[in-house]
Amino acid sequence: MLESTFLPWQQETARRWLAARERMAHAWLFHGPAGVGKARFARAAAASLLCESPRGGFACGECDACLWVRHGNHPDLRLLRPEAVAQAEGQPEAAGEDAVPARTKSASREIRVEQVRELETWLNTATHRGGSRVVVLYPAQALNAISGNALLKVLEEPPEHTLFLLVADALDRLLPTLVSRCRRLALTAPDADAAAAWLRAAGLAEPGRIHAYLAAAGGAPLAALQAHEQGGAPYPAWLPRWLGALAEGRGSAIAAELVPELEKMPASEWLGVLQRAFVDLMRVQAGVGVRYYPELQASIGAGAARLSRVAAAQHARWLATQQRVANHPLSPALFVHSVLLRVASETPAAAR
């Protein structure tokens with residue numbers, strides 16, 4: 001079952017947003033940093049909009065509609081997400097549809113055009129009880145050029161009584177025309193005290209390291225909790241190895257070693273780790289403390305001494321450009337290898 005209640009730091013924003021449900025735009029784009037609960041917000045918003053007996057604007061959690069949403073089979077709700085995301089959540093590809101069949105190839109990390117076309121068929125049918133229907137799409141940056149344009153056509157001529165809720169980490173990774181068709185709502189991370197309190201309540205087993213987990217996640221509580229549950233450390237195991245190799249001038253040599261590990265991960269994730277590492281490298285070079293990986297300060301300091309300030313800044317800017325194509329690499333292994341080789345260089349790109 002998917003969680004469909006608002007997180008504590010989302011409730012006031014949700015209350016204000018839901019207060020305008022009678023005059024709401026047909027398409028909304030919830031955006032903000034990864035790991036702050038944007039998809040959770042969208043699912044909870046859908047549950048509240050479909051609830052038959054809302055309380056204070058929020059879903060009651062007890063009516064038939066709420067029970068259907070909780071179990072993933074509400075006939076007027078569709079979750080549109082990549083197969084890989086649906087499988088990670090232990091759910092079918094879209095609520096109300098059959099489970100994703102077993103395949104010989106790995107699950108797709110993109111939202112495919114076929115999924116959008118299936119959605120169009122559903123939109124042409126009557127709603128279950130003559131009310132509204134809701135489409136929740138996440139992450140929107142998983143739309144490729146073809147599926148993005150297919151969705152754009154739907155949003156240009158929206159069906160009646162239908163609300164689209166899109167979720168994205170960064171607006172610059174979406175088609176500008178798609179962004180222009182949506183009203184936007186920014187969702188931010190809670191303050192450090194609220195985030196720490198939520199992590200303690202969620203059962204983070206090492207309360208003394210809560211700060212380290214939150215720092216590595218950029219203050220995003222869900223990302224911090226996920227890191228703890230997956231590996232037990234605030235940072236991935238490969239990061240200290242890469243930093244050590246960088247400090248010793250072996251960054252190019254370790255690139256091939258890390259490919260088998262990183263190619264299995266979504267590219268946006270390991271790119272994000274590298275981006276945060278370079279921010280810390282630049283902060284050390286500027287004479288201030290690290291922000292994201294305080295437990296790796298010694299390794300980061302050694303790496304910072306190896307790189308020039310110009311090289312570190314250029315690598316950081318270049319990594320940001322790679323995030324724009326992170327979801328669509330032709331070869332994940334080649335993409336990992338080429339990125340790691342590029343950022344291992346001690347010489348600015350302009351001088352090579």
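In the predicted model, W17 and F30 are both buried. A pair of aromatic rings is described by the distance of the centres and the angle of the planes. For W17 and F30 the ring centres are 5.5 Å apart and the planes stand at 80°, so the arrangement is edge-to-face. W17 belongs to helix α1 (residues 11-18) and F30 to strand β1 (residues 27-31), so this pair ties together parts that are 13 residues apart in sequence.

F30 also pairs with F41, again edge-to-face, with 5.0 Å from centre to centre and 80° between the planes. Since F30 is part of strand β1 and F41 of helix α2 (residues 38-50), this second pair ties together parts that are eleven residues apart in sequence. The relative accessible area of F30 is 0%, so F30 falls within the buried class. F41 likewise has a relative accessible area of 0% and is buried. W17, F30 and F41 are among the members of one aromatic cluster, which is formed by F6, W17, W28, F30, F41 and F58. Across the whole structure, the search returns nine aromatic pairs. A further ring, that of W122, has R133 over its face, at 5.2 Å from the ring centre.

Helix α2, which carries F41, has 13 residues and reaches 18 Å from its first C-alpha to its last, close to the 18 Å expected at 1.5 Å a residue. Of its 13 residues, 13 are buried, so α2 is largely enclosed by the rest of the structure. Q10, in the segment before α1, has contacts with K38, R40 and F41, as well as with V36 and G37, when residues up to four places away in sequence are not counted. The relative accessibility of Q10 is 4%; because this value is under the 20% limit, Q10 counts as buried.

The buried residues in α16 are F335, V336, V339, L340, R342, V343 and A344. An α-helix has 3.6 residues a turn, so residues three or four places apart point the same way. The elements that cover the buried residues of α16 include α11 (238-247), α12 (251-262), α13 (267-285) and α15 (309-323).

Two packed helices are described by the angle between their axes and the distance between the axes. Helix α8 (residues 192-201) packs with helix α10 (residues 221-231) at an angle of about 40°, and the axes are 10 Å apart. The crossing of α8 past α10 is right-handed. On the α8 side, A195, W198 and L199 take part in the contact, where they meet P221, L222, A224 and L225 of α10.

The loop between α10 and α11 contains P234. P234 has a relative accessibility of 8% and therefore counts as buried. With neighbours within four places in sequence left aside, the contacts of P234 are R209, A212, Y213, A216 and E295. P234 and H211 are separated by 23 residues in sequence, and their C-alpha atoms are 9.3 Å apart in space.

How values were computed: Residues numbered from 1 in each chain as written. Predicted model: local features only at pLDDT ≥ 70, side-chain atom pairs only at ≥ 80, totals over all residues. Heavy atoms only, no water. Phe/Tyr/Trp six-rings, centres within 6.5 Å; stacked < 30°, edge-to-face > 60°. Helix = DSSP H or I, 4+ residues; strand = E, 2+ residues; numbered from the N terminus. Buried < 20%, exposed > 50% of the residue type's maximum accessible area, 1.4 Å probe, protein only. Lys NZ or Arg CZ within 6 Å of the ring centre and 35° of its normal. Contact = heavy atoms within 4.5 Å. Axes fitted to C-alpha atoms, helices over the stretch in contact; angles between N-to-C directions. Left-handed = near helix turned anticlockwise from the far one by under 90°. Expected span 1.5 Å × (residues − 1).
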